[in-house]
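Here's a quick tour of a few spots worth a look. Have the sequence and the model open as you read.

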Amino acid sequence: MKFVMRAGFAGLVAAAAAFAAGTDNLPVVQGEVTFSKDIAPILQRSCQNCHQPESVAPMSLITYKEVRPWAKSIKTRTLIRDKAGVMPPWYLERNIGIQHFKNDTSPSDLDLAKIAKWVDSGAPEGNPKDLPAPIEIGQNKHWTAGQPDLVVPSEWVTVKAGSPDWWGELKPAPTNLTEDRWVKSVEIREENDVDFGTDGGRKTVGSRYVFHHMIWTAGVPGAQFTAEDFSEGSSGIWPIHEVGRNADIFPDNAGKLLRAGSVLNLFSTHLHSNGRDTKSRLLYGFKFFPVGYQPELRYGIRALGNGVDIDIMGGQGNQRLDAYQVLESNTKITIYEPHMHAPGVRMCFEAIWGYNVQTLNCVGYDHNWVRAYDYDDDYAPLLPKGTILHIIGYFDQTGANKNVPDSRNWSGSGNRSITNMFIDLGQQLTLSDEKFEEEMAKRRAKMHYKPNEVVIGCPLCNGEPIKPRQRPAPAKPSGAGSE
Ligand code: HEC
């Protein structure tokens, strides 16, 4: 059974028309809304991991006294929904595609309605007895994925207050591992000598940080990469460190291998001054699976995109680029990670299977915030080999895009923020035919799809399962003699 799902173009136009922020489609909230009872829990869940003392955000949003002066601005920023400027910085378009992500802490429509009503009714405090218990803060001082089993530091670097950006290689960092280990998670933190207590808050994008990003591989010096190192499409590359990036936690059945004697090759470092003389280094925190663990599946990073043919005209909005990739294996997409540069404002992600065209997701884009969209296991796209992945990028090179320094300029492809990239750097698992069937069977059993239901992200979930192909034995030509 096949489904025709023309979400592609019609859907995109509809989504574009629905941009206008506001309270229009929000639920109506009954009764009085107060800070203590209604707003504090929303801030805890959606805001305080950043809006706390000594973190990346310009102000703390914990107590009523701290929050009250920002009330109007909080309403404005939360209602922007999926465009640059929205708080929290999470740009998922709600009216198209998959809506279930592990790392989505954005407020629900009901939360947004509560914020709007609270602000419109004078932002009352309410009864402090209604306040929820405070949540743990100090995010920048601890490992969010838990205490690592191994911490590998890079060398120290010093970035002067007014120095230009720097690209280059740092010394390989030895892991000193004595046995091969499968990695469950990797989290990279920048450690530096900026003291918030005396040095105030943020002065540049990136706040206190100077490591803009780091592309790195892990390997044993002099040794050839093996099949395990080269997980599909990833060339031994690990998730790129970018300022503000979350920890990467690999699925239980698909770790990444760190070999005994490996070093971290820190071959593409971008340093960006934060406006003060800063001494800094990166800490790589690895958590391991137990000794003896063997992964069932192969994990990989997608590099779907077009790095070369980028041609962004000066002074024009709504410029579109397309890129395609054919999946050579059955694939479970675990993460969608649009990556563009300053002119990028939106990226859509489609799966084309036969005559199904499914929009998996559309997200806004703000080059100040690079986000990875980490699919919930029960909604992660399960795509048969032969599926064509398609990304559609939208670029705005006009004065309306605040990230573009001079909108009159043409720009092509390149590494700097004022030149362009157009890639999906997501992550995925490669599945054998048997594993693919197993994953779809699990999904069907759990999700109870109705007959004829279109399942976005799993074009075969609701159809006849494909059986591994068996070639019929060739018929013997009549009259053929014995071989
Ligand atoms: C991932 C970190 C992060 C999260 C989560 C987050 N913020 Fe922010 N917020 C920032 C940063 C950094 C800035 C300053 C840069 C900017 O404006 O984009 C900011 C700016 C703001 C501003 C504008 C401040 C100004 O100077 O005008 C408001 C208001 C705000 N956030 C409210 C919120 C609210 C409300 C939430 C939760 C619903 C939230 N933020 C969640 C990091 C975050």
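What follows covers a metal site, a sheet and a serine in a loop.

This is a predicted model, where local features need pLDDT of at least 70, side-chain atom pairs count only at pLDDT 80 or more, and totals for chains, interfaces and linings use all residues. Residues are numbered from 1 along each chain as its sequence is written, and side-chain values use heavy atoms, with hydrogens and water left out.

Let's start with the metal. H51 (NE2) and M87 (SD) coordinate the ligand's iron atom at 2.0 to 2.2 Å (donors are N, O and S atoms within 2.8 Å of the metal, or 3.2 Å for Na, K and Ca). H51 and M87 sit 36 residues apart.

| Residue | Relative accessible area |
|---|---|
| H51 | 9%, buried |
| M87 | 22%, partly exposed |
| S411 | 5%, buried |

S411 lies in the loop between β21 and β22 (422-424) (strands are DSSP E runs of at least two residues, numbered from the N terminus). Its side chain makes a 2.7 Å polar contact with that of N420 (N or O atoms within 3.5 Å, one able to donate a hydrogen and the other to accept it; residues adjacent in sequence count only if both atoms are side-chain atoms).

As for the sheet, four strands form an open, antiparallel one in the order β14-β21-β17-β18 (pairing takes at least two DSSP bridges). β14 (319-326) and β18 (356-364) are the edges, each with a single partner strand, so one side of each lacks a neighbour in the sheet. Eight bridges join β14 to β21, and one of the bridge pairs is Q319 with F395.

How values were computed: Buried means under 20% relative accessible area, exposed over 50%, partly exposed in between (1.4 Å probe, protein chains only).
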